[in-house]
Amino acid sequence: MRKTVFKTTILAIILVAVILGTTVNAGSVTAPETVKAGEEVTVSINVNTAIENADITMEYDASKLTYKGTNAGANMLVQVNADEAGKLIIAVAGGDNTTKTISVTFKANKDFTGDAGVKVTSFEANTNETLANTQVTIKAEEIKTPDDDKKPGEDEKDPSKDPDKKPENPSKPNGDKVGTDGKPITKLPQTGTPVFIGAIALVVATLGAIVLVKRAR
């Protein structure tokens, strides 16, 4: 009976250790939630211990993303097979390295819309690294125009409806000024004198000035 209990306890301890070890060493795949068409986006594979070696297979939507490159640190040798559209086979090896991230960069195609999925279909790193998640989804970021911030039904202000704006004095085709009542202006605005009387007075004053100049000679 004691032997059975002892064996059961040992098995339970081993099982807990395996579970804890798997949880602690579980890495993750991360990426920005959105990207604009034509811009680059980086998918990161993060592990918990410095990378010594890794073999990764990744699949992505080649109709929306274009593979640009992979980086795993300055001292690491990275070899990528990208001959098959939408599929990458990545091999990483090296010596002294503290990097815990493998970065894979894509460029969003110019007509990129909707969602694009990137999935790690095969992953082996170091000795016991695993991934808590294997897939990320990148959404196309909406490009806003100035009109997007405009409230529905909001129109440009009509200058003709501006109560503070004084009405301009329109003119007839022949150049005569027209009053607010639509009739031609025939009086001088300062004195109210008819326009033709003012013109006669100007002529008389001019002739008088000429006569005075001749007498003075």
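Guide: Please note that this is a predicted model. Let us begin with Tyr 60 and Phe 106, both of which are buried.

Visitor: What kind of pair do Tyr 60 and Phe 106 form?
Guide: They form an aromatic pair of the tilted kind, with 4.8 Å from centre to centre and 50° between the planes. Tyr 60 belongs to strand 4 (residues 53–60) and Phe 106 to strand 8 (residues 101–108), so this pair ties together parts that lie 46 residues apart in sequence.

Visitor: And how is Tyr 67 arranged with Phe 106?
Guide: Tyr 67 and Phe 106 form an edge-to-face pair, 6.2 Å centre to centre, with 70° between the planes. This pair also links distant parts of the chain, as Tyr 67 is in strand 5 (residues 65–71) and Phe 106 is in strand 8, 39 residues apart.

Visitor: How many aromatic pairs does the structure hold?
Guide: It holds two. Tyr 60, Tyr 67 and Phe 106 form one aromatic cluster.

Visitor: Why does Phe 106 count as buried?
Guide: Its relative accessibility is 0%, and the term buried applies under 20%.

Visitor: Let us turn to the nonpolar core. Which residues have the most contacts inside the largest one?
Guide: Those residues are Phe 106 and Val 118, in a core of 30 residues. Several strands supply at least two residues each, namely strand 3, strand 4, strand 7 (87–94), strand 8, strand 9 and strand 11. Strand 9 gives the largest share, with five residues.

Visitor: Now for charges. How many salt bridges are found in the whole structure?
Guide: The search finds one. Asp 115 forms it with Lys 139, and their closest N and O atoms are 3.4 Å apart. The partners come from distant parts of the chain: Asp 115 is in strand 9 (residues 115–125) and Lys 139 in strand 11 (residues 135–140), 24 residues apart.

Visitor: How accessible are Asp 115 and Lys 139?
Guide: Asp 115 counts as partly exposed because its relative accessibility is 38%. Lys 139 is likewise partly exposed, at 42%.

Visitor: What about strand 1? Which residues are on its covered face?
Guide: In strand 1 (residues 26–30), the covered face holds Gly 27 and Val 29, while Ala 26, Ser 28 and Thr 30 are on the uncovered one. In a regular strand the side chains alternate between the two faces of the sheet.

Visitor: Which strands does strand 1 pair with?
Guide: Strand 1 runs parallel to strand 10 (residues 130–131), joined by two bridges, and there Ala 26 has Thr 130 as its bridge partner. Strand 1 also runs antiparallel to strand 3 (residues 40–46), with three bridges, and Val 29 stands opposite Ile 45.

Visitor: One last topic. Where is Ala 82?
Guide: Ala 82 is in the loop between strand 6 (76–81) and strand 7. Ala 82 is partly exposed, with a relative accessible area of 34%.

Visitor: And what is Ala 82 in contact with?
Guide: Apart from its neighbours within four places in sequence, Ala 82 contacts Tyr 67, Lys 87 and Leu 88. Ala 82 and Tyr 67 are 15 residues apart in sequence, and their C-alpha atoms are 8.0 Å apart.

Technical notes. Residues numbered from 1 in each chain as written. Predicted model: local features only at pLDDT ≥ 70, side-chain atom pairs only at ≥ 80, totals over all residues. Heavy atoms only, no water. Buried < 20%, exposed > 50% of the residue type's maximum accessible area, 1.4 Å probe, protein only. Helix = DSSP H or I, 4+ residues; strand = E, 2+ residues; numbered from the N terminus. Pairing = 2+ DSSP bridges. Salt bridge = Lys/Arg side-chain N within 4 Å of Asp/Glu carboxyl O. Phe/Tyr/Trp six-rings, centres within 6.5 Å; stacked < 30°, edge-to-face > 60°. Core = buried A, V, L, I, M, F, W, Y, C linked by side-chain atoms within 4.5 Å. Contact = heavy atoms within 4.5 Å.
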